[in-house]
Amino acid sequence: MTTPARAPLARSAAKLAKRVAEGEPPLGRARRVGRMLRELTATHPDAHCELDFTTPLELAVATILSAQSTDKGVNQVTPALFARYPSALAYAEADRAELEQMIHSTGFFRNKASSLIGLGAAVVERHGGVLPHTLDELVKLPGIGRKTANVILGNAFDVPGITVDTHFGRLVRRWGWTEEEDPVKVEHAVGALIPKREWTMASHRIIFHGRRVCHARKPACGACTLAPDCPSYGTGPVEPEKAAALVKGPSRPFLLARAGIPEDAAPAPAPGDTP
Ligand code: SF4
């Protein structure tokens, strides 16, 4: 799809923002959410969990390490870590100094080491060494909050889960899907708008859109294929060239092509640039 002309888009975004502020009728919201989900599916066909893992325990460990770190940074330390600690018991019996050194580069290594040792011990004591697969049981384990539990459920156990991280919360509020700020309330509000079977993949696609297009400070509105259904269109630059310069990630050429913008219309942002 290509983004339609800017002036009509700005007018329809203003009307939509007014409708959302006044209380969008449920049927209209459901249709708009459905169109946005379909567009997200087409725009981010490569969306997936970016943490490397082969078992639920490995994903739990990687997710704990990903707090205040990048998935890429975590993936650099986990191959050696998973080889050294192949089971919950191995974490429970880990030498703290050695474990801290192995995960040092992910930041907050002392807290994370405590979580991993505590997680291993709790999984051994309460679950016979096997990571449980219900939200209630997972959130009772050291280091595992609701967000981490939903990541594990959705990606290691195929149980639908909505992952509310900072990107997710920002986007669904910008889109007028919910006004809630509390992550649990956001999870419930958005869960009511999306078919349950789509929760996990929709979470990935929304997070990918937040990383690549709809940035916190300067969203790339003029290069965004969700613009026709977004009440926040115009929060960032709407001029195609300026917006294109903000689009990030390996699928940038595809994203620009989908938005109808030639790739050479704007330079790619420098790696690590945070618009
Ligand atoms: S980039 Fe702009 S138009 Fe696209 S979703 Fe974000 S705020 Fe809306």
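**Exercise 1. Which domains is the protein divided into, and how far apart do their C-alpha centres lie?**

Solution. Start with the bounds, which come from an automatic or database domain assignment. Domain 1 takes in 6–47 + 165–182 + 211–262, and domain 2 covers 56–156. Then take the C-alpha centres of the two domains: they lie 34 Å apart. Before going on, note that this is a predicted model, where local features need pLDDT of at least 70, side-chain atom pairs count only at pLDDT 80 or more, and totals for chains, interfaces and linings use all residues. Residues are numbered from 1 along each chain as its sequence is written.

**Exercise 2. Which members of the largest nonpolar core touch the most other members?**

Solution. First, the term: a nonpolar core is a set of buried Ala, Val, Leu, Ile, Met, Phe, Trp, Tyr and Cys residues joined through C-beta atoms within 7 Å. Buried means that 20 or more other C-beta atoms lie within 10 Å of a residue's own, with C-beta atoms placed from the backbone. Next, look among the 42 residues of this core: A220, A223, C224, A244 and V247 touch the most other members. Finally, follow A220: leaving aside neighbours within four places in sequence, its contacts (C-beta atoms within 7 Å, placed from the backbone) are V213, G236, A243, L246 and V247. Apart from this core lies another, of 31 residues, including A88 and L116.

**Exercise 3. Which residues are closest to the ligand?**

Solution. Count a residue as near if its C-beta atom, placed from the backbone, lies within 6 Å of the ligand. That gives 14 surrounding residues, the closest being C214, P219, C221, C224 and C230.

Definitions and conventions. A residue is buried if 20 or more other C-beta atoms lie within 10 Å of its own, exposed if 12 or fewer, and partly exposed in between; C-beta atoms are placed from the backbone. Two residues are in contact if their C-beta atoms, placed from the backbone, lie within 7 Å. A residue is near a molecule or strand if its C-beta atom, placed from the backbone, lies within 6 Å of it.
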